[in-house]
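Please open the model in a viewer and follow the stops below in order. Each stop names a selection and then describes what is found there.

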Amino acid sequence: MPDKKRILIIEDEPKIAQILVDFFQMDGFETSVLHDGMHAVDEIRNNEPTAVILDLMLPYKDGISICREVRTFSNVPILMLTARVDEIDRLTGLGIGADDYVCKPFSVQEVVARVKVILRRAEQPAPTTSSLIGYKHVQMDLEKFVCYVDGNQIELSPVEFRLLTAMINKPSVVFSRDNLMRAGYEDDRIVSSRTIDSHMKNLRSKLSQFSETESILHSVYGIGYKIE
Ligand code: CA
């Protein structure tokens, strides 16, 4: 990936293409321009722009066909320009794979801002698909609903499992009994503080059954509990 971000502008109206070029360059982007759709797909395949601004109506090949073809080999962010606002609904419904749509006439600042948004979105790392979480010697598999202490599987009730998941996801954060109530019961049930305390007591003893080391579950006097 080149250091400088390059926006490919595919737009057959020279004035519109030029004003986009000016504004993106002013914002520190490199730009390249195509005035028709003929070589658009090849250009994207061969030169991998950081993002594409794609007009819908183009000579030789329209924006929909281009977008569809590009999506068979690339996730490059694409912002599509349309001439009618009611086209946006239709295009979204077609699922052609553009990241955003802007209707002409547009404010150039808005186009630049929207491209930055889809670039930021594209740069974010894909969410991790792992269902494994853990802290110190305690490991949990959130898909299989199992919990291990030092590699030994321990039996947790569903409420205990949810409570422990919430706390292990945020080590060192002190959970009030109210927070734990919400984390442990999916149906917004109100239970007494003593119920939470008794779950915590059970959890602590289950977590320490195989472990020589100190329990990771701590009570914080007057507030609640934490994993640390
Ligand atoms: Ca056009």
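Select T82 to begin: this residue is buried, with a relative accessible area of 0% (buried means under 20% relative accessible area, exposed over 50%, partly exposed in between, with a 1.4 Å probe and protein chains only). T82 lies in strand β4, residues 78–82; helices (H or I, at least four residues) and strands (E, at least two) are DSSP runs, numbered from the N terminus. Now display the surroundings of T82: leaving aside residues up to four places away in sequence, T82 touches L56, E87, I88, L91, Y101, V102, C103 and K104, where contact means heavy atoms within 4.5 Å.

A note on the model is in order before moving on. This is a predicted model, in which local features need pLDDT of at least 70 and side-chain atom pairs count only at pLDDT 80 or more, while totals for chains, interfaces and linings use all residues. Residues are numbered from 1 along each chain as its sequence is written, and side-chain values use heavy atoms, with hydrogens and water left out.

Next, select helix α1 (residues 14–26) and helix α5 (residues 108–123), which pack at an angle of about 60° with their axes 10 Å apart. Axes are lines fitted to C-alpha atoms, for helices over the stretch in contact, and angles run from 0 to 180 degrees between N-to-C directions. The angle makes α1 oblique to α5 (under 35 degrees counts as roughly parallel, over 145 as roughly antiparallel, 65 to 115 as roughly perpendicular and the rest as oblique). Show side chains for I19, L20, F23 and F24 of α1 and for V108, Q109, V111, V112 and V115 of α5, which make the contact.

Proceed to strands β6 (residues 132–135) and β7 (residues 138–141), which run antiparallel and are joined by four bridges; two strands pair if DSSP finds at least two bridges between them. Within this pair, I133 stands opposite M140 of β7. The two strands form a hairpin with two residues between them, and K136 in the turn has a positive phi of about 50°.

The hairpin of β7 and β8 has four residues between the strands, and F145 takes a positive phi near 55°.

Finally, select N202 in helix α8, residues 193–207. At 36% relative accessibility, N202 counts as partly exposed.
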